[in-house]
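Please keep the sequence and the model in view while reading.

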Amino acid sequence: MVTDHVGQDPQDEVAARFYSKIDRSRAVQQTGEGLWLVLGHPEAVQLLRDRTVSSMTRTPGLGVWDQVSSRFFMFKDAQQHMRLRRMVGDCFTPARLAELKAVIQRATRDRLDRLDEAAATGDRQSDIMAKVAYPVASDAICRLLGVSPVEGAFLGRWAVSLSRLTTDDEFDRSAEEILAFFREQLSAHRETSLCSGLLPIMAERALALGIDDDELLATCILLVVAGFETSANFFGNMLLSLLWRRERFERLLADEALVAPAIEELLRLHSPAHVVKRRTTAATVVGDTVIPADAEVAVLLGLCNRDPRVFDDPDAYRLDRASNPHLAFSQGPHYCVGASLARVELEAMLRAVLDRLPRLALAVEQPLRWSGRFLGRGLDQLEVLAS
Ligand code: HEM
């Protein structure tokens, strides 16, 4: 139970608890269970850029979710990876990002204004994850794909359930629903050509690249799952850090030029995606270690982001850190395809918060529940006081 906000940021506590179990003196090491860990920044960059290292780390199953996720380009290598990634790779043009930024800023402001209005009638406390983070992040993905926001509300619900469910049956039910939804969207587009956004562009490219409908639909779902949950989670992680130590929030209020570098610094320290998995296909030299062929490797991005060889005073929060080559979006061929959108989205959301709710504070007493989801760590709930 959190009772005051003078102690260590709870995210630093979580990180310290996890990382204290790891011997940081060796940047590449093997655990007693045989898993290889990479926790040094240059070593991670070397491994992640090595094209002989595979991202095919999932064991194929027979359920609907297994079938769908087996087509995610995130878990594919070389030609198969590039062929599918090409459908979306260069879609984040400056014009599209500017359009999305305006939509996201408006959506965030509207939702924050509702919190403010509720506060004016005496209802000060709200869960900012449910009221702002999830709906805005889901709106952003819907706009990106060209799906209407009304339908987007359902999409957001599915994405949340896909990222939180634990039983195979629940996963499969949600996967079936989201698959049926995109199948309908695709056939509606083919009948009317009225859909705007990425879906028609992806459909056209799929035709040219010989990509079938199952692969196209799986890629839509990958964008929803990878893009929605990570952004919503990070928005919560970022606000918790800024409001836990109010002087951080105040610094941004006083100097909005710090918003962009502050987001990078918080991505470095508290990205929801702490780890990515790989498999070696041949003996692989990483730093001064040789990882044997067919080894499972976990790259601990969160620890690489605190490597003192790369980041001066790595555990400190420097909201104006000048050089920040963090690995929150990974590196190499699987570098986050939505990184530019995520940056635009998070900046639009944070600027809207600073603009609309400069007196925002954390509710003093609240249990902080972290959920480990499909792509990382985020808060189920974050109670704030609107004014
Ligand atoms: C704060 C927000 C985000 C974070 C921290 C994040 C993090 C990551 C990371 C670490 C990877 C690399 C996985 C690997 O190396 O195996 C990744 C890949 C990916 N991300 Fe993001 N992401 C974010 C937002 C987004 C958004 C908004 C979208 C989509 C609109 C997106 C779509 C993807 C996709 C499709 C991949 C797979 C890329 C590939 O395998 O080629 N992400 N992301």
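## Terms and basis

A residue is called buried when its relative accessible area is under 20%, exposed when that area is over 50%, and partly exposed in between, with a 1.4 Å probe and protein chains only. The model is predicted, and local features need pLDDT of at least 70, side-chain atom pairs count only at pLDDT 80 or more, and totals for chains, interfaces and linings use all residues. Residues are numbered from 1 along each chain as its sequence is written, and side-chain values use heavy atoms, with hydrogens and water left out.

## Salt bridges

Side chains of opposite charge can pair when their charged atoms come close. A salt bridge is counted here when a side-chain nitrogen of Lys or Arg lies within 4 Å of a carboxyl oxygen of Asp or Glu. The count is 25 salt bridges.

One of them joins D9 to R248, with an N to O distance of 3.7 Å. D9 lies in the segment before helix 1 (10-19) and R248 in helix 11 (residues 246-254), so that the pair links parts of the chain 239 residues apart; helices (H or I, at least four residues) and strands (E, at least two) are DSSP runs, numbered from the N terminus. Both partners are buried, D9 at 3% relative accessibility and R248 at 10%.

R321 and E265 form a salt bridge whose closest N and O atoms are 3.0 Å apart. This pair connects the loop between helix 13 (301-304) and helix 14, where R321 is found, with helix 12 (residues 259-270), which holds E265, across 56 residues. R321 is buried at 8% relative accessible area, and E265 is buried at 0%.

R356 pairs with D113 at 2.9 Å between the closest N and O atoms. R356 belongs to helix 14 (residues 339-356) and D113 to helix 5 (residues 94-120), 243 residues apart. R356 is partly exposed at 32%, as is D113 at 23%.

## Cysteines

A disulfide requires a pair of cysteine sulfur atoms within 2.5 Å, and the count is 0 disulfides. The sulfur of C304 is 17 Å from the closest cysteine sulfur, that of C336, which is too far for a bond. C304 is buried at 0% relative accessibility, and C142 is buried at 1%.

## Helix 8

Helix 8 (residues 168-192) has 25 residues. The expected span of a helix is 1.5 Å times one less than its number of residues; for helix 8 this gives 36 Å, in agreement with the 36 Å between its end C-alpha atoms. Its buried residues include F171, D172, F181, F182 and H189.
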